[in-house]
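Please read them beside the sequence and the 3D view.

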Amino acid sequence: MGNKQVKQHFETAQKTGVLKISQMRLDEFPSALKTFPNVLKTLDLSENRFSELPDEIRKFNLLKHLNVSGNRLIALPEAIGTLIKLETINAMNNLIISIPGEIANCKNLKQINLSNNQISVFPSMVCGLKHLDLLDISRNKITCIPDNISQLQATELNANQNQISEISENISLCPKLKTLRLEENCLQASPCLSKILKESQICNLLLEGNLFNSKALSDLDGYDAYMERYTAARKKIC
C-alpha cells in the first residue's frame with residue numbers, strides 16, 4: 001500500500017472515525033497515528049507484525065471497536081484500561097500470555113476475543129464486566145476455570161481447545177451463561193459437570209473431545225434437567 005493510499009486512509013478516518021490499516025506488514029505503530037486527532041471509534045490494526053501496542057493508544061478514549069488480531073503481540077498494554085468506551089476487542093491469533101487487570105475498567109465491553117494465543121490462566125479480571133456477552137478464550141493453554149467464574153456476566157463462554165482438567169462448580173452460579181463451549185479439553189465426567197447439568201442456566205453445553213463419552217454424560221445426575229432446558233431453548237429459537 002503506497003504512501004498516497006495511507007494518507008487517504010488517515011484523511012478519511014478524520015471524517016468517519018474509522019481507521020483500517022490491516023495487512024500492511026507494519027511492525028511499529030505508525031508515527032502518523034501517534035499524532036492523530038482523538039476522533040477514532042473503530043481502529044483495525046489486524047494482520048500486521050506488531051509485537052506490542054504503545055501507550056499512545058490510551059489517547060483514543062472514544063474507541064468502541066479495537067481489532068489487533070493476527071499480529072505478534074505477547075501482551076495487551078495496561079493503557080487498554082483507559083479505553084472505557086470499548087465495546088469489542090479482537091486480539092485473536094497473537095502470542096498473548098496474559099491480560100492486564102486494567103481491562104476491568106472497560107465497563108462497556110460486550111465481546112472479547114482472545115482465541116489462539118498463549119494464555120495459561122483464566123482471565124478472571126473480565127468476569128465483573130456487566131455488559132459482556134461473549135468471552136472467547138478458545139485455543140489457549142488454560143488448565144483450570146477458577147471459583148470466581150461465578151461472577152462472569154457473559155451469555156456465552158468459548159473455552160474450546162484448551163487443557164482444562166478442572167472446572168469450578170461455581171460456574172453453575174453464572175447468572176446469564178447460556179452457552180458453554182468446552183470441546184477438546186481434558187475433563188472427566190465429574191460431580192462438577194453434574195452440578196452444571198442440574199443447577200445452571202446453561203442450555204447449550206458442548207463437551208465433545210473430552211475424557212468421557214456421551215453415555216457417561218447422559219448417566220450423570222442432572223442430565224434430564226439439562227435436556228429440558230436445551231429443548232425449551234430450541235423451541236424458542238424455532
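Helices (H or I, at least four residues) and strands (E, at least two) are DSSP runs, numbered from the N terminus. This is a predicted model, in which local features need pLDDT of at least 70 and side-chain atom pairs count only at pLDDT 80 or more, while totals for chains, interfaces and linings use all residues. Residues are numbered from 1 along each chain as its sequence is written, and side-chain values use heavy atoms, with hydrogens and water left out.

1. The largest pocket holds about 330 Å³ of space. A pocket here is an open set of points on a 1 Å grid over the protein atoms alone, where a 1.4 Å probe fits, with protein on both sides within 12 Å along at least five of seven lines; lining residues have an atom within 4 Å of a point.

2. Of the 16 lining residues, L205, L206, L207, E208 and L217 lie nearest the centre of the pocket. At least two lining residues come from each of β11 (204-206), α4 (214-218) and α5 (223-237). The most come from α5, which supplies four.

3. L211 sits in the loop between β11 and α4. Leaving out residues up to four places away in sequence, L211 touches C186, L187 and Q188 (contact means heavy atoms within 4.5 Å).

Methods. Grid points are joined across faces, edges and corners, and a volume is the space filled by probe spheres set on the points.
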